[in-house]
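Have the sequence and the model side by side as you read.

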Amino acid sequence: MKERALALFLLALFLFLFPASLVFPAPLGPQGLPPLYLYLYVSWGLVVLLAYLLFRRS
Amino acid sequence: MRILVVDDEESILVPLEFLLKKAGHQVVLARTGEEALEALSRGTFDLMVLDLMLPGMDGFAVLERAKALSQRPKVLVLTARGREADRAKALALGAEAFMAKPFGIQDLLSQVEELAGGR
Amino acid sequence: MNPLVLLLSLFLYLGLLFLVALLGEGRWRSLAQSPWAYTLSLAVYATAWTFMGSVGWAATEGASFLPIYLGPTLVLLLWPFLQERLLSLARAHRLTSWADFLYLRFGHGLLGPLAAGFLVVGLLPYLALQLKAIAQAFLFLRGEEEPLTDIALPTALLLALFAILFGTRRLDPSERHQGLVLAVAFESLVKLLALLLVGGVVLWQLGSPFPKLQNRPELLSLLLPPEDLAGYLEWASLVLLSGLAFLFLPRQFHVSVVENTDPQHLRLAAWAFPLYLLLINLPVLPLALFGRLLLPEGNPDLYVLALPLELGNGPLALLAFLGGVSAATAMVVVESLALSILISNHLLSPLLLRFRALGSLLFWRRISILTVMLLAYLYFRLAGEAYALVAMGLISFVAVAQLAPAGLLGLFWKGATPQGALAGLLGGIAVWAYTLFLPALARSGWLPPFFLEGPHPLMRPEGLLGVRGLDPVTHGFLASLTLNLALTLGVSLFTRRMALQEERTGEVEELAALLRRVLGPEAEESFRHQARALPGREAAGLAETLLAGSVGPATAKLLLLSVTRAVPPEALREEVEEAARESRELRAYAQALEEARRELAEAYERLKALDQAKDELLAAVSHELKTPLTAVRALAEILEANPDLSEEERGRFVSLLTKETVRLSRLVEEILAYTRLQAGVPLARSPTDLRALAVEALALVEPLARERGITMESHLAEVQTLTDRDRVLQVLLNLLHNALRHARSRVRLELLANQEALFRVSDDGPGVPPQARTLVFEPFQSFSGGTGLGLFLARRLVESLGGRIWLEEGEGATFAFTLPLEVEHEDSGGRR
């Protein structure tokens with residue numbers, strides 16, 4: 001489990017520190033919603049989900 | 001002399017009888033302490049050659065009884081038991097002489113003569 | 001809004017919190033220790049900063065409000081690595097703070113107080129921001145413009161009171177406050193729901209804010225990601241900074257480590273807490289945008305309250321107020337409690353010890369809480385006005401992060417030395433103060449502007465080494481942490497590792513008395529119970545741990561000095577153990593020597609006995625020899641001296657001579673047999689016809705029988721067995737001779753076979769007297785002219801042949817012995 005936790009950590013690190021300005025230069029995007037926030041919340045949610053899946057096994 | 005020889009061993013009595021008879025004495029044999037006392041009661045003896053190790057009544061007892069009799073024969077204790085204590089006890093009970101087995105014939109005869117002469 | 005309503009609802013809510021705390025200590029204790037309560041208690045991380053400051057920050061700075069919550073998310077993903085090191089360590093040593101850990105790990109007496117003192121100062125901005133938030137909110141809702149300061153002081157005092165009530169009701173060596181945990185969890189739920197509700201209602205009533213931004217480029221820019229390097233550095237720094245803060249904030253350490261009842265709770269917290277953070281941040285952007293749109297003149301930090309009011313929703317505004325107050329209160333209570341523990345353990349305890357005032361620990365804790373809150377108020381007065389809430393909080397974050405190099409390196413790197421930790425911490429503190437703390441005070445006008453400019457262009461507090469364009473927090477963070485880390489690493493590499501700490505050992509009684517004196521009778525009871533089976537050294541360690549939880553590790557050590565004595569350190573201990581081992585060996589050797597001596601004495605006794613027995617044997621033997629020898633000698637002499645004996649007489653003498661000679665030789669045989677038995681000559685087994693053997697024995701003794709006039713009877717069965725022929729013959733002859741010696745008229749020999757071969761020799765003599773029956777087989781017990789060895793030898797022989805021999809009851813004397821029946825097996829490849 002430790003290796004997977006480390007892997008998840010590195011993934012989250014990459015996602016959170018991603019230089020989003022390179023990819024989402026515009027303030028508004030799909031559905032009129034800010035792409036930066038969409039990206040951040042979605043990736044954040046994804047990390048939470050993965051953490052849930054990883055750690056829930058006892 | 002009339003000699004009473006008391007010993008339970010056949011092989012002792014026979015040579016003793018022979019020797020003493022040859023020396024001219026009268027010999028009566030007894031194989032047990034009872035026989036010896038019986039013999040003493042029936043007749044008088046000048047000397048008793050007594051073996052200490054007897055079946056039934058012990059040699060010391062015979063010695064005592066014999067010395068309690070009126071005739072009081074002299075006693076030559078002759079025994080394989082050569083301990084000092086036995087010697088002392090025998091002499092204390094009144095024995096005149098003490099000889100240990102094995103003995104030489106000559107020694108025995110001279111002892112007997114000695115005792116006879118002391119009479 | 002009516003201030004009375006505000007105050008009443010405030011007190012009601014706080015009362016409710018207090019009630020929850022009481023229940024958490026009592027009936028709801030199991031709930032307080034559940035994983036969900038633990039997870040929600042971690043949300044004390046979200047303070048008025050989160051509730052109100054985030055919206056303010058998002059409204060002016062954009063997305064950089066968010067990385068503060070990404071850091072803790074990342075840190076929690078690594079909980080498996082941290083759990084073993086940190087949680088188990090904390091549990092084992094009753095660590096109540098990072099300062100405790102630093103002292104434990106590095107042992108330097110200066111580290112604990114330095115860390116504790118620095119943390120107090122460093123957290124003042126954070127505490128002050130809570131005061132400011134509450135005061136601002138209260139004033140805003142009350143609708144007046146009274147100076148903040150008048151409200152802030154009572155707020156500070158009120159919060160101090162609550163902290164005292166929640167956290168210092170009793171002294172628990174483990175510093176667990178279940179009620180507090182439950183109250184914090186409850187209020188975390190309240191603030192989450194409150195903020196979500198506010199956001200939800202606003203969105204519901206006003207719709208999406210994004211379309212309304214079309215012609216507001218300055219607002220659209222809030223939605224952009226950080227663009228240049230400076231912005232990106234700020235983003236990345238905030239992620240890292242918040243992660244470190246999550247680890248090292250005293251209140252976070254307290255709720256996540258000290259109050260942790262089960263490490264497995266982290267399983268839930270690792271995903272549930274990031275989820276919480278995600279959820280609580282959802283309303284922030286919409287609220288910020290609407291605030292900018294609808295309340296362009298207002299204080300962004302107050303948008304959360306202003307928007308409901310703008311919508312005419314008084315109760316919602318009240319709820320938002322309570323949410324904010326709740327968040328601030330929770331932070332203050334837990335943080336000031338944690339700080340008071342730090343202060344009492346590392347700053348006060350040594351002093352208290354010197355002045356023998358340790359009995360009043362709780363009192364001093366309360367004083368500490370009050371002092372801290374007053375200092376926070378002071379900071380608020382000095383520097384609070386000029387800064388936005390989040391900016392104040394970030395200064396504290398950077399302060400707290402200064403513990404990270406020493407703490408993390410100490411946790412994971414064996415090479416970290418006390419000197420390195422100290423150097424790093426001092427360097428970090430210095431840079432933090434220079435780049436963040438003092439400029440904040442200068443900016444509020446309490447320090448000369450010199451502190452904003454620096455002595456030299458390269459030493460600008462907010463732009464060291466000529467770096468420009470970085471915001472002060474990022475700059476201060478990077479500068480301080482870089483120096484801190486560099487010094488910690490560098491100095492550690494150049495200094496030796498610390499010598500092993502001297503251990504102490506003591507008596508349970510004295511240790512228990514000490515615990516009673518300092519911590520009270522319950523602690524003494526608990527200690528006695530645990531220390532029942534512990535050796536002195538471990539009992540002392542346990543006592544130290546228990547004490548350290550309440551007075552700090554340094555003071556605990558000092559206290560123990562009086563009731564324990566030193567155990568030599570490792571290197572010396574080895575010598576001591578070596579010496580102990582040697583002395584043990586020596587004792588074992590002496591014991592073995594004593595054993596050997598005893599055995600020797602016994603053997604000597606046995607030898608003497610044997611010697612004596614041998615003498616007796618010799619005596620008996622010689623005694624036995626004498627009689628036949630006498631006869632032989634006499635008879636031989638007679639025969640020699642009297643050649644003219646009659647034939648009859650001669651014959652008689654010769655036969656006697658023969659008989660005695662035979663007797664002699666038999667005796668010699670017996671003695672030889674005895675010695676052979678003693679020497680253990682092995683049996684010579686051969687198939688033997690026992691019947692024939694019996695017949696032979698009878699033939700051998702016939703002359704003797706005839707001479708004594710004894711009739712020999714026999715009843716012999718046909719028996720074959722595997723045995724030593726000579727020995728059996730010897731036994732038979734022994735018994736027969738015995739029988740013949742004692743018999744009156746009759747001797748009977750029987751041979752039977754059942755499972756064994758049974759020989760029976762009986763005579764009609766006087767028998768064996770009762771007292772001699774038991775001794776009849778013993779050596780030298782002759783009671784009638786025998787060797788005294790005969791029966792003894794017979795027994796030895798029979799036993800060596802594998803049989804038994806005994807004296808039977810009845811008239812006369814009947815001796816019986818058995819032989820095992822053995823048949824020689826053909827070697828058919830199986831048994832032999």
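Leaving aside its neighbours within four places in sequence, which residues is V304(C) in contact with? The partners are F51(C), M52(C), V55(C), V198(C), L287(C), A320(C) and G324(C). Contact here means that the C-beta atoms of two residues, placed from the backbone, lie within 7 Å.

A word on reading this: it is a predicted model, in which local features need pLDDT of at least 70 and side-chain atom pairs count only at pLDDT 80 or more, while totals for chains, interfaces and linings use all residues. Residues are numbered from 1 along each chain as its sequence is written, and chains are lettered from A and ligands numbered from 1 in the order in which they are written.

V304(C) belongs to the largest nonpolar core, which has 226 residues. A nonpolar core is a set of buried Ala, Val, Leu, Ile, Met, Phe, Trp, Tyr and Cys residues joined through C-beta atoms within 7 Å. Buried means that 20 or more other C-beta atoms lie within 10 Å of a residue's own; exposed means 12 or fewer, partly exposed is in between, and C-beta atoms are placed from the backbone. V304(C) is one of the residues with the most contacts inside this core, and A115(C), F248(C), A376(C), V398(C), A401(C) and L515(C) are the others. Helix α17 (residues 314-354) of chain C gives the most to the core, with 22 residues. Helices (H or I, at least four residues) and strands (E, at least two) are DSSP runs, numbered from the N terminus. Apart from this core lies another, of 44 residues, with L4(B), L20(B), V49(B) and A90(B) among them. In soluble globular proteins, nonpolar side chains tend to be buried together.

Stay in chain C for helix α20 (residues 404-412). Its buried residues are A404(C), P405(C), A406(C), G407(C), L409(C) and G410(C). What covers them includes α7 (98-106), α12, α19 (389-401), α21 (418-443) and α23 (472-494) of chain C. F81(C) is found in helix α6 (residues 79-93). Is F81(C) buried or partly exposed? F81(C) is partly exposed, because 15 other C-beta atoms lie within 10 Å.

Now look at a pair of strands in chain C. Strand β5 (residues 686-689) and strand β7 run antiparallel, joined by 4 bridges. Two strands pair if DSSP finds at least two bridges between them. Strand β7 (residues 720-723) has a covered face, T721(C) and T723(C), and an uncovered one, Q720(C) and L722(C). In a regular strand the side chains alternate between the two faces of the sheet.

Turn to chain B. Chain B holds 5 helices and 5 strands. Along the sequence they follow the pattern β-α-β-α-β-α-β-α-β-α. Buried residues make up 41% of its 119 residues. Among contacts between residues at least 6 apart in sequence, 61% join residues at least 24 apart.

One residue of chain B carries an annotation. UniProt lists D51(B), in an unreviewed entry, for "modified residue: 4-aspartylphosphate". Such positions are given in the numbering used here, feature names are shortened, and annotations may be inferred rather than shown by experiment. D51(B) is found in the loop between β3 (47-50) and α3 (59-68). D51(B) counts as buried because it has 26 C-beta neighbours inside 10 Å. Not counting residues up to four places away in sequence, D51(B) touches V6(B), D7(B), D8(B), G59(B), L78(B) and T79(B).

Finally, confidence. The model scores ipTM 0.94 and pTM 0.60. pLDDT is the predictor's confidence in each residue, from 0 to 100. Chain B averages 83, and 97% of its residues score at least 70. The mean for chain C is 83, with 91% of its residues at 70 or more. Over residues 826-832 of chain C the pLDDT is below 50, and beyond near neighbours in sequence this stretch has 3 contacts in the model. Where pLDDT is low, the predicted coordinates should not be read in detail.
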